[in-house]
Amino acid sequence: MTEREGSRITRINPQTGEKSLVGVVRGVKVGPQHEGVLGIALDPDLGKPGSKNNVYVAHTYMDGNREHARIVRFRYDPETKKITDPQPILSNMPAGDDHNGGRLRFGPDGKLYYSIGEQGHNQGANLCKPNDAQRLPTKAELEAGDHAAYAGKVLRLNTDGSIPEDNPDIGGIKSHIYTYGHRNPQGLVFVGDLLFEAEHGPSSDDEINLLQAGGNYGWPHVAGFQDDQAYAYGNWSAAPDCQKLMKGYFPTDIPASVPQHKETDWKAENFREPVKTFYTVPNNYNFHDGRCGDMAYLCWPTIAPSSIVYYPANGPIPGWGNSLLVTSLKNGALYRVPLNADGKTAQGDVTKYFHTSNRYRVALVSPDGKTIYIATDVRGNVLDNAGQPINVMENPGSIIAFTYGD
């Protein structure tokens, strides 16, 4: 387990809850919400004879006055049960105080997959910074080790940090980029050789996507389906009075000075629509819900999906087989999304489980399929069981076990 603020790597015994320190990640830039130690991935054969016993960790760091993200490879010693010999394998990736993504996963192909958010540009405190989710790197940037264009992307890399030879050629350039046009992708899970991603939407349309090599997932031109419903791309950063607009900024109220485009105005042959959204709403939806006051975003039709895992078809919980499980930061709940038999499309309604007054950061399914472990945030804002906004967590910084009994 990683700790974003504490920079520690910890082993936890799921039967007893006993914790043991594996190591500390040095040189981490920790911020109030989005910065710190973000992702971890273990060699699939860790602990087995002949394994290199590598542990890969992603974190933010400072280089002078610039913030970046990097992936560092450690060696795990099975005798001492500690990590040693940190070696950065990919550095100079974009990072900031918002939307860093940060999920790190091994694929069945032996490659590492890493998600990076678009840094929250073109919104809030970063309103006047251009959004780079559609920008692709130049050859000169890659040769210089400049990965600034990786914002809003999912990367695919070799375990030494190099670019795989079979990565997609996008716009005439082969880079670490596997897919692009993402907002804040915080969930990655493989189901066989299929890669699913969970992504935060703006004020509606959180997404579950099936990622395909070279695919463009639309952000910031499209949120969810390309349906012109409840979202239009307002390029605030291009407004001549952008700095003045920051004072009264509300994402769905776009002033005349902000260039604005409908979703269907944008065309891309490699655009891929989501498998599922949370939630698509009509254009007349009222985003000014007084129930949430200054925390209006908590009342928007989104769940803030922080992770995604797969519940297997042969799992023992009735009705759960062949489903994606998505954790919510806003509602303190786990959402189950059934998949069709083809494993590529979603079917039926989404079901909500395990609602508590917590921010659910990540979920894990036990090997026997009977227990769902959910890690919670230490702090933040969430809707309680009565649907009211609160900022005191019920189980801060915990792992909660939900176990199925016959």
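Is the link of Cys 292 and Cys 299 left-handed or right-handed? I read 75° about the S-S bond, and that makes the link of Cys 292 and Cys 299 right-handed.

Housekeeping: this is a predicted model, where local features need pLDDT of at least 70, side-chain atom pairs count only at pLDDT 80 or more, and totals for chains, interfaces and linings use all residues. Residues are numbered from 1 along each chain as its sequence is written, and side-chain values use heavy atoms, with hydrogens and water left out.

I searched the whole structure for disulfides (a pair of cysteine sulfur atoms within 2.5 Å) and got 2. In sequence order, the bonded cysteines pair 1-2, 3-4.

Back to Cys 292 and Cys 299: their sulfur atoms sit 1.9 Å apart. Both cysteines are buried (under 20% relative accessible area; exposed is over 50%, partly exposed in between, with a 1.4 Å probe and protein chains only).

Next I checked Cys 128 and Cys 242, whose sulfur atoms are 2.1 Å apart. The S-S torsion there is about -105°, so this disulfide is left-handed. Cys 128 lies in the loop between strand 8 (112–116) and helix 1 (139–143) and Cys 242 in helix 2, so the pair ties together parts 114 residues apart in sequence. For the record, helices (H or I, at least four residues) and strands (E, at least two) are DSSP runs numbered from the N terminus.

How exposed is Cys 128? I noted a relative accessible area of 21%, so Cys 128 is partly exposed, while Cys 242, at 5%, counts as buried.
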